[in-house]
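Trainee: Could you walk me through how to read a structure like this one?
Mentor: Gladly; let's look together.

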Amino acid sequence: MLTGPRRIEIVEVAEPELVPGSCVVAVERCGIGGPDLVAWSTGELVAPAWFGHEWAGRVVAVGADAGERFVGERVVGAVPPPCGRCTPCRAGIDTTCRLVMSMILGTDELADSHGAFAERIRVDARRVHRLPEGVDFADGSLAEPGAVAAHAVRRARPSLGDIVVVVGAGAVGLLVAELARLSGAGRVAVLEREADRRELACRLGADAAFGSPEDLLRWLSGQGHGLGADVVFECAGGQDAVDAGTEAGRTGGTLVLVGTAPDGALLRASTLVAREMTVSASLGYTVADVHRALHLMADDRFRVSELHGPAIGFAELASTFEGLSRRPGSRPKVLFQPR
Ligand SMILES: [Zn+2]
């Protein structure tokens, strides 16, 4: 459990209590995501159940009214379908459904007292989804960031032969690059400071990866008509990244903001207007994005295995967060396994 800034403690808690509408899942893997690192460094949690939310596991108990879930089922945790009753749903904006938001944030009434850096958790059965045959727990725990990437790509809809640039080769950036290709992009380039991540991006199918915006622009000048990228996904979340992404876009192109830019980050209005670019933003994902990401993994077209290395256990959790705060790992996704 996170008990303060940069302080993880291993604590014994009571067995999760099964209540109607819930199920208990034995955690097999849980990824460490960007929001987990932010929470760790500040000690500020939206809710305890939110710390460790990229999980896959096996259902070990099913409460009454828990739908089609069954004991032994292999599952992943994500968002539920929108409720259809809250104000955003009734307004037709189901991506910000209050039920969905409360489950993302772990503030719903069935949320457990802790997240999935644990042996077992109790969750609302509506946010549990079947893991397809052939997708193992380690890959399945990337369904959540995979859905974030799917949402971004589905919003921007790169079309056949498009030149696509992805800024930032963290887990979401790499997954976006893969899905942009599946979505029809002709050429995909990645801008990333870390050399090992650039290599990984190319192994996963990117045509080119660059460590500096200047090198990226030089490459773009030799692609297609040399005007720049049709679609740019900003997945790093810094002012530098937003600026580099804007510069990479062509006249009439699209800039998609996926990374969490710092408060006060600026968009270069003059460049955007001069190039008549479209700016789009992507937040989170929907249940449809989760299922698409999982189906593409099951079809072996969306490859996520290279993003994670061997799993860490309880004893290594604290030191792993320390390490990740100093330098990103050579694999962009560290997975926890309760042991
Ligand atoms: Zn709703």
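We will go through the domains, a helix pair and one proline.

Mentor: This is a predicted model, in which local features need pLDDT of at least 70, side-chain atom pairs count only at pLDDT 80 or more, and totals for chains, interfaces and linings use all residues. Residues are numbered from 1 along each chain as its sequence is written.

Trainee: Which domains does the protein chain have?
Mentor: Domain bounds come from an automatic or database domain assignment. Here the assignment gives domain 1 (2-141 + 308-336) and domain 2 (148-281). Their C-alpha centres lie 29 Å apart.

Trainee: At what angle do α1 and α12 pack?
Mentor: Helices are DSSP runs (H or I, at least four residues), numbered from the N terminus. Axes are lines fitted to C-alpha atoms over the stretch in contact, and angles run from 0 to 180 degrees between N-to-C directions. Helix α1 (residues 34-42) and helix α12 (residues 314-326) pack at about 100 degrees, with axes 11 Å apart. The two helices are therefore roughly perpendicular, a label for angles of 65 to 115 degrees.

Trainee: Which residues make the contact?
Mentor: Two residues are in contact if their C-beta atoms, placed from the backbone, lie within 7 Å. Leu37, Trp40 and Ser41 of α1 meet Phe321, Leu324 and Ser325 of α12.

Trainee: Is Pro145 buried or exposed?
Mentor: A residue is buried if 20 or more other C-beta atoms lie within 10 Å of its own, and exposed if 12 or fewer do. Pro145 has 25 within 10 Å, so Pro145 is buried. Pro145 sits in helix α5 (residues 143-156) and touches residues including Gly33 and Glu54.

Methods: Angles under 35 degrees count as roughly parallel, over 145 as roughly antiparallel, 65 to 115 as roughly perpendicular and the rest as oblique. Lists of a residue's contacts leave out its neighbours within four places in sequence.
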